[in-house]
Amino acid sequence: MQITTNQTSENRKRHGEHLLISLTYIGKNIEMKTGIELTRALEQWRRYFEESGLVAALVINDGYFVQNIQGSRPAVNAALAKIIDEHFKIIPNVVKVEEIEALRWDGFVTKHLTESVEDEEYALKSFSAGFDFNPYLMKSTQIENFLTAIFEGAESDRF
């Protein structure tokens, strides 16, 4: 018995291409020792995300990464696999994955937290559970609120 449908197999979205996903992870940078290495890596990621139709927000401080990646399910899955495969020393810890209605970020935005008073307010007083910024001590809701606070109304570094 042969079953026919009105849709061809090409039109079916079997891998979730039609679904937008938001994935947030934290990680620790133990691989890139200099700012030049980090800058090159960030530029490579910006290009990869742009080619893959992904948007992302990334916060870096004292070797820690907090990143939110958004795009189609297959593209987000491929990006996470690439992070795990190519940057195995980062060891991303996925904090949250959810389906979203629309992309939140405009391209690839980054923020480098420094020792400034403004950044200390973001990192320590409102969101961190300790005396030093450490996203591993934060709850998933704190991490989400942290990203919102960092990129809401503040000028971030754009690549």
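The accessible surface of the protein chain is about 9700 Å², and 49% of this area belongs to carbon and sulfur atoms (Shrake-Rupley method, 1.4 Å probe). The model is predicted: local features need pLDDT of at least 70, side-chain atom pairs count only at pLDDT 80 or more, and totals for chains, interfaces and linings use all residues. Residues are numbered from 1 along each chain as its sequence is written, and side-chain values use heavy atoms, with hydrogens and water left out.

Of the 159 residues in the protein chain, 41% are buried (under 20% relative accessible area, 1.4 Å probe, protein chains only). The chain holds four helices and six strands, in the order β-α-β-β-α-β-β-α-α-β from the N terminus; these are DSSP runs, H or I of at least four residues for helices and E of at least two for strands. Among contacts (heavy atoms within 4.5 Å) between residues at least 6 apart in sequence, 74% join residues at least 24 apart.

A search of the whole structure finds one cavity of 30 Å³ or more. A cavity is a set of points on a 1 Å grid over the protein atoms alone where a 1.4 Å probe fits but cannot get out, and lining residues have an atom within 4 Å of a point. Grid points are joined across faces, edges and corners, and the volume is the space filled by probe spheres set on them.

| Largest cavity | Value |
|---|---|
| Volume | about 120 Å³ |
| Lining | 13 residues |
| Lining from α1 | four residues |

Tyr25, Trp45, Phe65, Gln67 and Ile90 lie nearest the centre of the largest cavity. α1 (35-52) and β3 (64-72) each supply at least two lining residues, and α1 gives the largest share.

Methods: On a 1 Å grid over the protein atoms alone, a cavity is a set of points where a 1.4 Å probe fits but cannot get out, and a pocket is an open set with protein on both sides within 12 Å along at least five of seven lines; lining residues have an atom within 4 Å of a point. Buried means under 20% relative accessible area, exposed over 50%, partly exposed in between (1.4 Å probe, protein chains only).
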